[in-house]
Amino acid sequence: MSGFGFDTLALLAAVGFAGPLVASLPHLRIPLVIGELLAGLVLGKTGFGVLDESNPTFQLFANIGFALVMFVVGTHVPIRSPDVRAALPRAFARAVLCGVVATALGVGLAWQFGTGHAALYAVLMASSSAALALPVIDSLRMQGPPVLSLTAQIAIADAACIVLLPLVIDLRRATTAALGAVAIAGCAGLLFLVLLAADRQGWRQRAHDYSEKHKLALELRTNLFFLFALAALALSTHVSVMLAGFALGLVIAAVGEPRRLARQLFGITEGFFAPLFFVWLGASLRVRDLGAHPKLILLGAGLGLGALLAHCVARLLGQPLTLAVLSAAQLGVPVAAATIGTEEHLLVAGEAAALMLGALVTIAATSVAAVFAARRLSRVGVAQSPSD
């Protein structure tokens, strides 16, 4: 692909259907992104080389998709739920215990494979994915105190690891990344106060009503402005757009996301930019390097199994084993690590693919665990109908 025009956009829109096609396979519960990543692998460096992931326009579109994906992830964190906030102490203890075990495992894996990325591996194995796990919980109608505690734990792990990732992926720039993260957090906090004041004054509701009456999509326009402004700040302070998107998502989740905005975000993100980003990520991965360096396959398996082990230790604090496995679901943090590591050339050849392999191991395990967890909760009378 020498250029980036409408022919390329048509191709990307077409291969984006790989996600829904793979996800439609019965009984497997395969996430959409798996099909999109596979399409990128086939058309990118690993496959036929049709897509050039180094094309500047392609990279810009992929970064927009990355920021939007992390924005949506942030909006999925249930900050406003009082039940989830009440479950925070026990959930925090489990997340900390998981982090301690993940740190020990990260040191062991980095020593065994000689990569020097102990801190990165620890963050990856301690992470959870609210964007992946919470929809599964909702679809299986899992409710009750254990599920609320699990939701809080996933939110804590997801938020903490997304913040920590830019700091640990390149320890030489940790100070710079920390200052950039503080700048993003400060701007996000100021934006939260402004939106909260606007909400209390009724300005947001009046703007919403005016936008709906005249079909202006003002909420979407405003949030895209905030997102792109924070992304620009992130890049100028040498921080990934991942943190900008996630921080804005948390702000919107804390203030309250209008349903209309949620639908608009869903359309623009899941309809085009998210599939484009995951296709780009797949195109940028060098899976062939796993064949040239077979030990990296073991690294990927080790990261996936290590994540499951680290989260299963929460069984010691009373968490059911199936829910502990479900909390190990990973997606956003490994994707971000592979993306940042590839763009900044921070990983050894094939290591990005190994990170994604580890995430796939957790996804496979949590897909099975979710079904068993739902059955167990149903047997003990915890699962309820949506109307309860």
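**Overall build**

I began with contacts, meaning heavy atoms within 4.5 Å. Residues 24 or more positions apart account for 81% of the protein chain's contacts with a separation of 6 or more.

I noted the ground rules. This is a predicted model, where local features need pLDDT of at least 70, side-chain atom pairs count only at pLDDT 80 or more, and totals for chains, interfaces and linings use all residues. Residues are numbered from 1 along each chain as its sequence is written, and side-chain values use heavy atoms, with hydrogens and water left out.

I looked up the secondary structure next. The protein chain has 19 helices and 0 strands. Both are DSSP runs numbered from the N terminus (helices: H or I, at least four residues; strands: E, at least two). The radius of gyration is 20 Å, close to the 21 Å from the globule rule for 388 residues, so the chain is as compact as a globular protein of that length. That radius is taken over C-alpha atoms, and the rule is 2.2 Å times the number of residues to the power 0.38. I read the span of the C-alpha trace along its principal axes as about 60 × 55 × 45 Å.

I then checked burial. Buried residues make up 51% of the 388 residues. The classes are buried (under 20% relative accessible area), exposed (over 50%) and partly exposed in between, with a 1.4 Å probe and protein chains only.

**Helices H18 and H19**

How do H18 and H19 pack? I found an angle of about 175° between H18 (residues 332-343) and H19 (residues 351-379), with axes 9 Å apart. Axes are lines fitted to C-alpha atoms, for helices over the stretch in contact, and angles run from 0 to 180 degrees between N-to-C directions. The two helices are therefore roughly antiparallel (over 145 degrees). H18 brings Pro334, Val335, Ala337, Ala338 and Thr342 to the contact, and H19 brings Ala352, Leu355, Met356 and Ala359.

**Single residues**

Serine 149 is in helix H9 (residues 145-168). I found serine 149 buried, at 7% relative accessibility. Leaving aside neighbours within four places in sequence, serine 149 touches Ala87, Arg90, Ala91 and Arg94.

I then went to the loop between H11 (203-214) and H12 (218-236), where lysine 215 lies. Lysine 215 has a positive phi of about 55° although it is not a glycine. Most residues other than glycine have a negative phi. Lysine 215 is exposed, at 70%. Alanine 217 is in the loop between H11 and H12. Its phi is positive, near 55°. I logged alanine 217 as partly exposed, at 22%.

Conventions: Angles under 35 degrees count as roughly parallel, over 145 as roughly antiparallel, 65 to 115 as roughly perpendicular and the rest as oblique.
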